[in-house]
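Hi everyone, thanks for coming. Let me put the structure up on the screen, and then I'll walk you through a few places in it.

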Amino acid sequence: MGKVKIITDSNSGITQEQGRELGIEVIPMPFFIDGEPFFEDISMSQDDFYRALTDDRVNVSTSQPSPETVMNLWEKALDGYDEIVHIPMSSGISSSYATAAMLADEDGFEGRVFVVDNQRISVTQRRSVLQAKELADRGFSAREIHDILLRDKFQSSIYIMVDTLKYLRKGGRLTPAVAAIGTVLRIKPVLQIQGEKLDSYAKVKTLKQAKTVMAKAVAGDMEKRFSEEGYMHIDIAHTQNLEEAEQFRKELDEAFPGRDIYIDNLSLSVSCHIGPGSLAVALSNVPAELRP
């Protein structure tokens, strides 16, 4: 049975240190501050990033890893492994998947590198990566792992409360007029990711209302979308909002007892577009192959 290496990017929330402990390779996602490149979890901390992001005099943008970075990592991994499962962030939000999929057809990688677009980001992507590692440890091939994750690609959902419309406007996802009206009315939009797209879900005015809306959305998904609710993870992500995230976990623990709810920082590549103060809840399935 061939050895399978699992590779992902820092959008998964898996840090470099955690990756080393888990035996998972994590590609740091690049971003630019006034044209100067930085790498998530390597050359800039979360706190320094948010200081730059909230300074209107500073231009912050995101990018994808260079093809050379990806190919060099694959070549190094294939020195010690027979196959690779590469899990980038969702193609609906980044072009990282398209680039990696194209590179996987190059000589030396074809049939050995399997790139998975299972439409995950942040904590849902993290769950997929950990599941891929467990499947590899159980002896599944790279192709089998790829097919399992792709089969279950729509078995997840994310609801995100955005504290301000400012960064959606700056990223071109809202017109200035809509953003201005929303700011005056103090609207906190709740967005959703069902598959590959980020869409509007609800509009509220307080964090309490947002948490109520998101908890009801999770309950609705459990009842209507995901028939095997006993095999769904519930996780929380946030941007510089740990205190509220921990409080939200307590509330979700009461509503959905017996869950091991994980809290993580939302990746900087996504945070760039929604800003600090956000709060998200996510559902992701356990593949049938990993159930008791």
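Predicted model: local features only at pLDDT ≥ 70, side-chain atom pairs only at ≥ 80, totals over all residues.

Residues are numbered from 1 along each chain as its sequence is written, and side-chain values use heavy atoms, with hydrogens and water left out.

Okay, the cores. By a nonpolar core I mean a set of buried Ala, Val, Leu, Ile, Met, Phe, Trp, Tyr and Cys residues joined through side-chain atoms within 4.5 Å. Buried is under 20% relative accessible area, exposed is over 50%, and partly exposed is in between, using a 1.4 Å probe and protein chains only. The largest nonpolar core here has 24 residues, and Ile234 and Leu252 are among those with the most contacts inside it. Which elements supply at least two residues each? Those are β8 (156–161), β10 (198–204), α9 (207–225), β11 (232–238), α10 (242–255) and β13 (279–285). Helix α9 gives the most, with 6 residues. The element names come from DSSP runs, numbered from the N terminus: helices are H or I with at least four residues, and strands are E with at least two.

Have a look at Ile234. Leaving aside residues up to four places away in sequence, Ile234 touches a whole list, including Val218, Met222, Leu252, Phe256 and Val281. Contact, by the way, means heavy atoms within 4.5 Å. Apart from this core lies another one, of 19 residues, among them Ile6, Ala132, Ala142 and Leu290.

Two strands pair if DSSP finds at least two bridges between them. Strand β3, residues 30–33, pairs with β5 over 3 bridges, and Phe32 stands opposite Ser61 in β5.

Now, two helices. Where do the axes of α3 (residues 67–77) and α4 (residues 96–103) come? They come within 10 Å and cross at roughly 50°. Axes are lines fitted to C-alpha atoms, for helices over the stretch in contact, and angles run from 0 to 180 degrees between N-to-C directions. Pro67, Val70, Met71 and Trp74 of α3 make the contact with Thr99, Ala100 and Leu103 of α4.

Last, some single residues. Most residues other than glycine have a negative phi. Gln119, though, has a positive phi, near 60°, and sits in the loop between β7 (113–115) and α5 (122–137). Is Gln119 buried or exposed? Gln119 is buried, at a relative accessible area of 5%. Ser122, in helix α5, also has a positive phi, near 50°, and is buried at 4%.

Thr124 is in helix α5 too, and is buried with a relative accessible area of 1%. Not counting residues up to four places away, Thr124 touches Ser156, Ser157, Ile158, Ala282, Leu283 and Ser284.

And finally Gly195, in the loop between β9 (188–193) and β10. Gly195 is buried at 5% and touches Gln119 and Phe154, again leaving out residues up to four places away in sequence.
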